[in-house]
Structure formats: structure tokens, C-alpha cells
Amino acid sequence: MSALLDAAACLPLAWAFAVASVSAEAIRRASRRLSPGAPGSGAPLDGAPLDGAPLDGAPLDGAPLDGASAGMPSSGEAPAPGALRVLVVRPLAGHEPHLERTLGSLAGARLSAAVRCVLAVADAGDGALPAASAAAAALRAAGIPAEVALTAPAGPNRKAGQIAAVIAREPAPFDVVLVADSDVDLDGVDLDALVGPLRDGARPAPLDAVWAPPVEVAPARSLGDRASAAVLGGSLHAFPLLAGLDPRGLVGKLFAVRAASLAGAGGFAALTAYLGEDMELSRRLLARRGAVGAAPIVAPSLASGRPLRYVIARYARWITVIRAQRPALLASYPALFFATPLIVALAALAAPIAPAPAAAAAALAVASRVAVAALASRMAGRRARLLDAAADACLADLVLGAAFVRALSTRTILWRTSRFTIDRRGVLREAGA
């Protein structure tokens, strides 16, 4: 019995070692993918650079880029023959801080392809309409064809419904659909790194969809803002890190998809019943032997002014999507993403039996967690001090833990102003229906 207890007391150390190993691998892959001058490995599904795209094109601190503006060829040259035609869709819902700025930011992005932009608003009473109209006028003044479309979206997932409505009504031909959420600031972002791997002839083979890991860059105005930034820029859940660990992932904050591949997957009209339309799109593309990859850029979000309860509810919805649409990954949340407090607590229980392994487990768990927080913060353009990284680690783990418990406790979610239940396939149904 004593030997069995001694072995059990070493479990926290084994757990801490496993988490530290995964964290080190995530850091290695992210550093390789985002470091300037890293060679393109031609392995887009494991987070490697795509199509030899330059890794210094979109600085992580949001500094402006030299080069072409959206829709204009770089260095004054004409686009290459057969250049892609890109339809940019920005689905909107209500007024947000910085909305006019983010919608007009396409003019400052680097994109060599021919581009047309549609700002999608549900109806004339939507609070986003004034900012959308002003931004469309500013884009047209900058030489970018842009318009506002009233979409009247169908289905519970209004974002997918808006994109589907825009595509259905688009009169001009296009090769790529590029979707950017309303809070994404595209000024200075190298969208060529997002679109380039979709071209015919891209090396080693054209991808079907490419996404940019989101980070939050706006100054925190609330505890909720700080908590959300801690998750996205201070944890293993930070998408620049997660992109290398999850080759099947696709996060819909900023992504591009080949029009032909999208149509073959059923289009956005087939995604309007899913809470995680981006995850379902990735699943459908991969089921058709398609390829999805993460671009060596980030998607800077200016989201701000959120209460803590909103942020917890947001990540609970994300975990609910995982629970319904990728259940095999659900255990990764306590096992990896907020493992540190659990390992430390377990080590404290084991300390009377095996003090040295327990102390080593706690030290390894805390050290690797703070290292992840520091690197994720740097990748998000938040040059955090060591104490700030430690605080982010604690806050992120608390938020993810609370969101995980909430996601497990119910399949009913409040999304915008409606209440839905989500079934085991990730399909949304009105609560009580």
C-alpha cells in the first residue's frame, strides 16, 4: 500500500512534465512560424510558414507596414496575370467602439489582389449602419469598391447568415472570400500572407482556407477586457500558440477561403444552424480532403469595454462548441489550458507523502505556465513584465476554469439577444422549441 501511495504522489510531477512538454512544443512551433526569416517548410497544417510568405510582413505590435494598400499592387506594379479576385465581407451587429475605424482599415492593409468590400448589416435599424455607411464612403474615396448590404440574415447564426446573403447577391465574380469580424483592425496587416496560399500554383499546394490567429490589442477598459486579453495573450489557449498544436483548427475572426472550396462544402448557407460555423467549415473542408492552415500574421482586435461575465460567457460558448463539435478535445481544457492550479492543488495534497516530487511538480507547473504567458503576451504585442505575465496566467486560468464549468453545466446559451440549446452535433435550436 505504501508503494502505491508513493507512486500516486508522483502523479502531479508526471502531469506537470506533460504540460511543460506540450507548452515547450507549442512555443517551438510558434517561434518557428513567426520568427523573421524562418524558411517556409511547406507544412501548412502544423503551423509552418505558408507558401514562403514573409514572416515580417505584419508586425505583432501593430506597427504600420510599408507596401501596397488594399486592392493596389505592391511597388506600383500591376497584378500578375490571373491574380485573385477577393470579396471582403465584414458582418456587423450593432454599434461598437472604433467601428468606423476598423471598417475603414482595409484601406491600410497590404493586399495585391483585386478587392471588393461588402459591409453586411442586418437591417436599416441596426446601430452599425451609420458607421458602415461612413466607412464604405471612405473606402471608395481610397479607391476600393465598397458598399453596405442589408442582409436580413436567415438562421440562428446571424454571422453565417449575413455572409451567405452577401455571397448569394454578389454580382461580380470572385475567387476568394475574406471574412473579417467588425472589431478587427486591418491597418498594416499583410493580407497577402492570408490570401497568397490560396492561389493556384501556391507551394507546396494551394490551401482551401487560411486563418489568422486573433489577439486583442486595445487598452483594457474593464476587468473583462483584461481577462479576455489574458486568455488570448497569456495562456496556452492563445491562438498564435494553439495554431501549431491544432492543425484542424480554423478561427473565424479573420480568414480567407477559396470560393470553389466553400461552394463544395455547402457554402455559408449550410452553416447558419451551427454555433461554431468556423469549426464546422473546417470540418467540411477537411472531409473533402481539403487543407487548412494558419497564416504567419495575427488578427488584431480592438474589442473593449466588456464586463467579466460577458467574457466568461463568451469562452463558455467556445467550450460548448468544442463539447458539441469536437468532443475529443474537451478534456484538454483541464488537462492543459488551466492545468496549473489543479497541479499545484494536487501537489499540495501529495506533499506529506512525497515532498520532493510534489515541490518539483509545483515548481515545474508554475515556471512553464509563466513562460507560456510571457511568450503569448509578446506574440500579442503586449510586452508584459514577469509579474504581469504571472497575473495574466492566474486570470486566464480562472476565466477558463469558470467557462469550462459553465459549458459543462448546461447546453443552453444566451447569444446576443436570443436563447438557444446546442445539440451534440453543434446545431442551434431555440430554447424551449
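Hi everyone. Because this is a predicted model, local features need pLDDT of at least 70, side-chain atom pairs count only at pLDDT 80 or more, and totals for chains, interfaces and linings use all residues. Residues are numbered from 1 along each chain as its sequence is written, and side-chain values use heavy atoms, with hydrogens and water left out.

Let's begin with the sheets. Helices (H or I, at least four residues) and strands (E, at least two) are DSSP runs, numbered from the N terminus. Two strands count as paired if DSSP finds at least two bridges between them.

In what order do the seven strands of the open sheet come? The order is E3-E2-E1-E4-E7-E5-E8, and the pairing is mixed. Strand E3 (146-150) and strand E8 (292-294) stand at the edges with a single partner strand each, so one side of each has no neighbour in the sheet. From one strand to the next, the twist averages 20°. For angles and axes, lines are fitted to C-alpha atoms, for helices over the stretch in contact, and angles run from 0 to 180 degrees between N-to-C directions.

Look inside that sheet at E1 (residues 85-91) and E2 (residues 114-121), which pair in the parallel sense over seven bridges. Here Val89 stands opposite Val118 in E2. Helix H5 (residues 158-169) lies across E1, E2, E3 and strand E4 (176-180), running at about 140° to E1. Helix H10 lies across strand E5 (209-211), strand E7 (254-258) and E8, at about 130° to E8.

Now the other sheet, which is open too and has three strands in the order E10-E11-E12 with antiparallel pairing. Its twist averages 45° from one strand to the next. E11 (residues 418-422) and E12 pair over three bridges, and the bridge partner of Phe420 in E12 is Glu430. Helix H11 lies across E10 and E11, running at about 135° to E10.

H11 also has a helix partner. Two packed helices are described by the angle between their axes and the distance between the axes. H10 (residues 277-287) and H11 pack at about 35°, with axes 10 Å apart. Which residues meet there? Asp278, Met279 and Glu280 in H10 meet Trp318, Val321, Ile322 and Gln325 in H11, where contact means heavy atoms within 4.5 Å.

Next, helix H7 (residues 223-233). Is it mostly covered or mostly uncovered? It is mostly covered, with nine of its 11 residues buried, and buried means under 20% relative accessible area, exposed over 50%, partly exposed in between (1.4 Å probe, protein chains only). Among the buried ones are Gly224, Asp225 and Leu232. The buried residues of H7 pack against strand E6 (214-216) and helices H8 (239-245), H11 (308-325), H14 (355-379) and H15 (386-409).

Finally, the cores. A nonpolar core is a set of buried Ala, Val, Leu, Ile, Met, Phe, Trp, Tyr and Cys residues joined through side-chain atoms within 4.5 Å. The largest has 68 residues, and Trp211, Leu241, Phe268 and Tyr333 touch the most other members. H11 gives the most to this core, with nine residues. Leaving aside neighbours within four places in sequence, Leu241 is in contact with residues including Ala26, Ile27, Val372 and Met379. Another core, of 42 residues, lies apart from the largest one and has Leu103, Leu106, Leu111 and Val121 among its residues.
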